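Biologist: I would like to go through this structure term by term. For each label, please tell me what rule lies behind it.

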Amino acid sequence: MDIEKKLVDELGKNIIEATNEEIYRALVSVVNKAAIDKEERNGKKKLYYISAEFLIGKLLSNNLINLGLFDEVHELLEKNGKNLGDIEELDAEPSLGNGGLGRLASCFLDSIATLGLNGDGVGLNYHMGLFKQTFKDRLQSEIPDKWIDKDTFLIKTDVSYPVSMGGKMYNSVMYDLLVTGYENRTNRLHLFDLETIDSSIIKNGIDFDKEAVDKNLTLFLYPDDSDEAGRKLRIYQQYFMVCNAAHLILDEAVSKGSDLYNLDEYVVIQINDTHPTMVIPELIRQLMERGLSIDDAIEITNKCCAYTNHTILAEALEKWPIGYLKSIVPQIVPIIEVLDDRIRRKYEDESIAIIDRNDFVSMAAIDINYGYSVNGVAGLHTEILKNTELNNFYKIYPEKFNNKTNGITFRRWLMSCNPSLTKYLEELIGEGFIKDSFLLKKLEEYKDDKNVLNKLSEIKMQNKQAFCDYIEKTRGIILDKDTIFDVQSKRLHEYKRQQLNLLWAIRRYLDIKAGIIPEERVTVIFGAKAAPAYTIAKDIIHAILSLMQLIENDEDVKKYLRVIMLDNYNVDVAEKLIPACDISEQISLASKEASGTGNMKYMLNGAVTLGTMDGANVEIFENVGEENIYIFGLSSDEVIAKYKNGSYDPKYYYDNNAEIKRAVDFLVSKEMIGLSGKDHDESLERLYNEFLNKDYFMTFPDFDEYCKVRNKAHSDYKNQDEWSRKCLLNIANAGYFSSDRTIEEYNRDIWKLQ
Ligand SMILES: *Cc1c(COP(=O)(O)O)cnc(C)c1O
């Protein structure tokens, strides 16, 4: 393909004369056309992956790589005095996701297309995304993330459906993003929206009129649900997503020749967590509208729907008051009542019913009773679902439960984010690993090769330098690449225990102040957004930012310890941070992290994990071996037992462990409080009290061992050859964590496409 001619045609002028903005727009058009050429209309059965979130990341480089155009475009631009990196800065990151669940959905779309499978994503086109995080006075504040106002890869289609909600009719409009497979077919991500959305209703920060559904429906992902209007808006969003999905699914199946009684030969729907659950009653409703009896409609829907569970945190299993559903989506309430009634007649066990005693509808109960597959996202997680959390369902439907350990796409999380490592791996072991991830194992041959080990540390150093340059340019902070980069980046949640990491940093700070100089110089890096209404999470951010400020202004400490909190952690930041990391903090309380995927990205880029035996860390441990990972903390069984017998008492640890007391007390010390210029700081005091009175995620019992193991990792780092060997073995054993492997398993066990 003559890319130069296409680009020049699109521009209407020479590349040298064009601005970066013009080149960006022309590239979007050229890329979309090339992607459309790779669409395939064949394939009887099709997967619909429905998800409230798709955290897709920037698309330009990724699409160029997948279409095999990257090198050519890169060189062409260089030749004309332009730079692809500069142009990529104009590419807005679509703000359609929040964290791991949305990122997983995006890795899956990449792998589905790369494996040549017939499968599209379905979601919503949030105009302002989750939010953009900024820091003011050491506090998180939220502003709209206006990605959609820029030029983007979105394609407006003429697909539109009527949706009835709250007694009104709304007409949807469907936008598409093309999903390019690596050297393979193109699929689509369908994003439903309303033409009437009006961002002028947004007032200070991310507040807006929650009642004006025609104007606000797709403004934000996860609008604040601390009041009734907010909770209702979430129901509006969810129903709007699945009503459109069901229309699209039935239209496509019928056009391919389905008589609807054989819908399962044409359609499989993967329900990503409980947000899209209403697709089940809605599909039944639309099948009845098209002439099926309720019995037939229920039976066929059951054969088409599969559910993925992403969490065992009870508060995340959605339940909606039936009254809310009656006022917003009365058309599906009678169907939900029939679904509930049938389960109650068939089984004694009240706990698996759909509508509970308080007239709340359990979304997970709909999925599990009326889907044909229920999967967890890592081995340990699935076992906990079967044995405790969903045990009552498991006893009735053992055949539905299966595990699909999460994965990540190597195209984005290796080739695109770490080109120098990719190139070196290709030189050593060939290109095969990009499509067959298990071939990474060949790297093990080089584990004692000094040249290879040196080259790997050299690449890490270059990536650290590139990250330092990026941070200096974008944040004005000057970092030192010759320190250990010890990183925790993920959503802020108490179960992920950023607060444990913070306590270590306080301890280290106090030691240095007391004249105990550490042997290794460490830069602790955090990246995390807190949900806007999650007070304690914001308190933890405030405490980290406060410690950061103390240290940044203290030349004595700064030489040995830095604490850096990056604002607005997103895919773009992740792609720069992860290749630069030495130690990957995966320190959730055992049993609480369903899988984690950040852990896999770090491993693949040659970081060594410091973690608990939780989620997919367990499988990382099994793949990499105990020599090449740092493990600490209570086991999931011990944690589950502690919760069960209510034996955990944080006060006991505080009173009996001087190091814990010293670190926790420091939160409300005059140094920390003093930063506010007042004599008290509500946020720090609240966090202090939370530790003392609750510490629900058990940081204190794990504190001593965490510090010991972390310090051991830092001292091991000094032996560069040994350390580099650990890095090499992490990369070599990351093959299992490719989302291609995960998707092959989904297809083999659940979807059965082709
Ligand atoms: C991978 C990723 C996550 C998920 O990280 P976990 O450590 O698995 O929670 C969250 N945010 C972004 C931007 C990511 O790329």
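The dialogue below takes up the domains, their interface, the ligand and some contacts.

Modeller: This is a predicted model, in which local features need pLDDT of at least 70 and side-chain atom pairs count only at pLDDT 80 or more, while totals for chains, interfaces and linings use all residues. Residues are numbered from 1 along each chain as its sequence is written, and side-chain values use heavy atoms, with hydrogens and water left out.

Biologist: What makes domain 1 and domain 2 the domains of the chain?
Modeller: Domain bounds come from an automatic or database domain assignment. Here that assignment gives 38-58 + 93-406 + 742-751 as domain 1 and 457-737 as domain 2. Their C-alpha centres are 33 Å apart. In the contact (heavy atoms within 4.5 Å), domain 1 takes part with 34 residues and domain 2 with 43 residues.

Biologist: How do you know how much area domain 1 and domain 2 bury between them?
Modeller: Buried area is the accessible area, taken with a 1.4 Å probe, that two parts lose on being put together, summed over both. For domain 1 and domain 2 this comes to about 2,900 Å², with 59% of it on carbon and sulfur atoms. Gln-133, Phe-135 and Arg-138 supply 25% of the area that domain 1 buries against domain 2, more than any other three residues.

Biologist: Why is the pair Lys-538 and Glu-142 called a salt bridge?
Modeller: The term requires a side-chain nitrogen of Lys or Arg within 4 Å of a carboxyl oxygen of Asp or Glu. Between Lys-538 and Glu-142 the N to O distance is 2.7 Å, so the pair meets the rule. Across the interface of domain 1 and domain 2 the rule finds one salt bridge, and the structure holds 63 salt bridges.

Biologist: What makes Arg-411 and Asp-110 a salt bridge?
Modeller: Their closest N and O atoms are 2.8 Å apart, therefore the pair falls within the 4 Å limit. Arg-411 is in helix α16 (residues 410-416) and Asp-110 in helix α6, 301 residues apart, so the pair links distant parts of the chain. Helices are DSSP runs (H or I, at least four residues), numbered from the N terminus.

Biologist: Why is Lys-601 counted among the residues around the ligand?
Modeller: A residue is near a molecule or strand if one of its heavy atoms lies within 4 Å of it. A polar side-chain atom of Lys-601 lies 2.6 Å from an oxygen atom of the ligand, so Lys-601 qualifies. Of the 16 residues around the ligand, Lys-490, Lys-496, Thr-597, Gly-598 and Lys-601 come nearest. Lys-496 has a polar side-chain atom 2.7 Å from a ligand oxygen atom, and Gly-598 has a backbone N or O atom 3.0 Å from one.

Biologist: Where does Tyr-446 lie, and which residues is Tyr-446 in contact with?
Modeller: Tyr-446 lies in the loop between α17 (419-429) and α18 (450-475). Leaving aside its neighbours within four places in sequence, Tyr-446 is in contact with Leu-428, Ile-429, Val-452 and Leu-728. The C-alpha atoms of Tyr-446 and Leu-428 are separated by 8.8 Å.

Note on methods
Polar contact = N/O pair within 3.5 Å; in protein donor to acceptor, adjacent residues only side chain to side chain. Helix = DSSP H or I, 4+ residues; strand = E, 2+ residues; numbered from the N terminus.
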